[in-house]
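Biologist: I would like to go through this model feature by feature. Please give the general idea each time, then the case at hand.

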Amino acid sequence: MLVRLLGISLASVVVSTPVLGQADRARSDSVQSLPELRVTSLRQAGPASIFRAPLAVTRVEGRPFGSRGYSLDEAIGKIPGVFTQSRAGNSDIRLIIRGFGARGAGDRSNAGTSRGVRILLDGIPETEPDGRTSFDGIELAAVEAIEVIRSNATTLWGNAAGGAVSLTTLPHPSARRYEAEAVMGGFGLKRYIAHASGGLGDGVIAGTVTRSVFDGWRRNSEANRWLGTASLSSRIGDRTDLGVYLYASDNAFSIPGPLTQAQVDQDPSQANSTYLSRHERRHNRTGRLGATMDHRFGRAGAVSGLLYVNPKYLQRSERGTFRDFTRYHVGGNVVYRNETSLGDRGRLRVMTGLDEAYQDGAILFYSLTATGDRGPELRDNKREGANNLGFFVEGDVDFGQKWSLVLGARYDRISYYSDNYIRPKLDATKLFDRVTPKVGLNYRLAPLHSVYVNMGGGIEAPAGNETDPAGTFGQDTVTAINPLLDAIRSTTYEVGTKQLLLPSSGGIASVSYDVALYQTEVRNEIVPYRGGRFYFTAGKVRRRGLELGLAVESKGGLGVNGAVSWSRHRYTDYQVDSVHYGVPNRKADYSGNRVVGIPTWMYNANVSFSPGAGRRFRIQAGVQGNSQYFADDANAVSVAGWMVANASVGLARPVEVGALTLKGFVAVNNVFDRRYVGSAFLNPDVVGGVPVAFEPGLPRSLVVSFAIGHR
């Protein structure tokens with residue numbers, strides 16, 4: 001299989017941002033810190049060298065220089081294999097890793113959420129038991145580092161872990177920072193940030209409060225958010241560490257909806273007329289308290305535990321109804337690790353654990369008034385619950401100094417519960433389960449150069465909006481959970497290499513690159529149709545892709561990096577008759593068509609220059625874009641490719657004025673004011689033969705930031 005995979009098209013080799021570490025130089029004193037680059041998202045007892053992991057892993061430190069800082073796409077959108085799109089310029093984004101997450105981006109019920117990609121904040125799942133993730137608790141101003149696993153991570157993290165994004169809010173204990181920042185930008189963007197962090201005895205403490213306001217550039221796209229985070233990690237004994245993590249968020253954003261191509265050409269700032277008349281929006285109030293504990297049994301073993309509670313109060317104006325959700329998400333895990341020396345032959349590490357997550361709560365559907373507010377009529381009263389229980393075991397063997405072998409397996413059991421208090425005959429339960437294997441082999445050609453191969457299984461259960469689609473209200477009179485849907489099952493094969501070079505002479509300070517080639521076989525791909533009113537299992541998909549990253553830093557302050565990813569995602573078996581209404585015995589065969597929402601090419605290139613010995617100033621320019629892709633399974637509705645340019649200039653390192661520090665930047669996004677489609681509804685509504693699918697991207701905008709701190 002791997003031999004066949006390697007023969008896909010080596011002529012298609014491309015350039016991408018390095019997996020080895022895309023550090024924000026405003027927080028990194030020297031590129032020489034890169035050899036010590038370690039990642040924590042692999043669930044090992046401590047940070048693991050990125051060159052030991054037989055996986056494609058990227059670490060990003062700090063907020064990207066010159067960014068608006070509003071949403072996660074600005075931090076990880078330039079990583080190879082990662083496809084992110086801002087749907088309206090606020091926190092509502094599409095997030096796709098190697099095709100995982102594509103299907104959950106077009107339906108109106110998925111506004112503000114992602115599917116198929118596991119999101120963790122300080123090691124605590126933001127992803128709900130059914131696989132959906134909202135971004136209400138994600139604030140880049142509070143994030144110190146982000147790790148992205150592009151390889152299939154199901155055996156590590158469970159359901160909906162085709163990829164994983166792990167964020168941490170705790171800085172290094174020696175890093176002390178007190179800072180207030182104001183960010184102003186086009187279309188009424190205002191962000192106010194207060195941050196404090198520093199050492200606390202043997203530990204570290206950090207806190208951030210932000211207020212973000214965005215008037216929006218399209219009608220009905222305004223947004224505002226309050227978010228506060230607090231994090232603490234401390235040693236409470238010779239062998240025990242305690243962590244406490246808290247956040248509270250109030251996130252409200254309106255949804256302008258999709259347009260026809262003619263409407264985009266005429267006036268891309270307009271909203272979908274139906275969305276505008278209903279004032280479709282989300283108002284999410286969430287909080288979370290989590291605690292971790294790690295205890296070491298001498299040199300050989302360690303045990304860690306996690307508990308968290310995540311209450312939510314969500315309100316929506318959606319599809320002609322006003323909806324109240326009152327939910328609680330609770331869970332935890334226990335992981336045991338043991339390490340055994342094999343003498344001169346190497347070292348054996350064993351890890352086993354249990355993950356548990358449960359979400360439940362009431363959902364009330366009301367009528368919608370003419371102004372888009374909650375009406376007096378209660379139309380539905382139900383409860384939806386989901387439980388995700390997982391057991392995993394992994395063995396990691398070092399053979400000498402060069403070879404490492406990883407073997408693992410995981411069992412996941414995902415259960416859904418639905419009770420309807422108005423129509424109890426709709427009550428239903430559903431269970432999905434699977435064992436997923438993992439094997440990986442890593443060879444270190446040098447301390448900072450490795451090659452690897454891996455094979456991993458995956459499971460992704462249907463989400464609540466797919467088992468009981470929001471658009472079927474009043475039409476489904478049999479059961480609340482679609483009995484025809486099955487869990488998506490996948491198997492990924494991958495080969496890759498990564499290296500960091502630190503020349504001892506000449507003008508180059510560092511060169512890093514990363515190459516990854518993968519093939520994923522998917523069964524039971526779930527696809528929305530009729531604008532997400534219904535979902536069905538499409539059949540089989542084959543995903544193939546090639547990713548390559550390169551970054552070069554000179555000793556003179558010049559840096560160049562780039563990212564290009566090539567993918568070929570095709571339906572290999574896909575027949576459906578539900579698109580032919582009123583035509584008995586007619587079927588459509590979409591086998592061989594391209595998978596919706598995934599461009600063949602994604603690319604970016606960036607140049608930065610920091611003149612002078614202090615490297616305080618930075619000038620930066622770059623381009624980013626993607627090729628055309630299809631928005632429907634029939635491959636009849638295409639979304640044009642695009643490329644935009646961005647530029648920024650500012651203080652990369654603070655200027656000291658007595659005890660104060662000053663820094664800031666000025667940035668221009670979409671410098672040439674290109675019109676483009678930033679996102680699209682997948683399998684969209686077709687009105688009068690015209691697809692209503694397109695969400696225009698942000699025009700040119702200016703961003704100005706000023707920060708004052710105390711050292």
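Biologist: Where is S404 found?

Modeller: Strands are DSSP runs of E with at least two residues, helices are runs of H or I with at least four residues, and both are numbered from the N terminus. S404 is found in strand β23, residues 403-420. This is a predicted model, in which local features need pLDDT of at least 70, side-chain atom pairs count only at pLDDT 80 or more, and totals for chains, interfaces and linings use all residues. Residues are numbered from 1 along each chain as its sequence is written, and side-chain values use heavy atoms, with hydrogens and water left out.

Biologist: Is S404 buried or exposed?

Modeller: Buried means under 20% relative accessible area, exposed means over 50%, and partly exposed is in between, with a 1.4 Å probe and protein chains only. S404 has a relative accessible area of 5%, so it is buried.

Biologist: Which residues does S404 touch, and which side chain does it join in a polar contact?

Modeller: Contact means heavy atoms within 4.5 Å. Not counting residues up to four places away in sequence, S404 touches R52, D396, V397, D398, G440, L441 and N442. A polar contact is a pair of N or O atoms within 3.5 Å; within protein, one must be able to donate a hydrogen and the other to accept it, and residues adjacent in sequence count only if both atoms are side-chain atoms. The side chains of S404 and D398 are joined by such a contact of 2.8 Å.

Biologist: What polar contact does the side chain of R87 have?

Modeller: The side chain of R87 has a polar contact of 3.3 Å with that of E695. R87 is in the loop between β5 (82-86) and β6 (93-97), and counts as buried because its relative accessibility is 4%.

Biologist: How many aromatic pairs are there?

Modeller: Rings of Phe, Tyr and Trp (its six-membered ring) pair if their centres lie within 6.5 Å; planes under 30 degrees apart count as stacked, over 60 as edge-to-face and the rest as tilted. The count comes to ten aromatic pairs. One of them is F83 with Y629, edge-to-face at 6.1 Å centre to centre and 80° between the planes. This pair links distant parts of the chain, with F83 in strand β5 and Y629 in strand β35 (residues 629-630), 546 residues apart. Both F83 and Y629 are buried.

Biologist: Why is the pair of Y416 and F432 edge-to-face?

Modeller: Their ring centres are 5.7 Å apart and their planes are at 70°, so the pair is edge-to-face. Y416 lies in strand β23 and F432 in strand β24 (residues 428-446), 16 residues apart. Y416 is buried, with a relative accessible area of 4%, and F432 is buried at 3%. Elsewhere, ring pairs link Y571, Y574 and Y590 into a cluster.

Biologist: Which ring does the charged end of R316 sit over?

Modeller: A charge sits over a ring if NZ of Lys or CZ of Arg is within 6 Å of the ring centre and within 35 degrees of the ring normal. The charged end of R316 sits over the ring of F325, 4.6 Å from its centre. R68 lies over the face of F214, at 5.2 Å from the ring centre.

Biologist: How many helices and strands has the protein?

Modeller: The protein has six helices and 42 strands. Of its 711 residues, 59% are buried.
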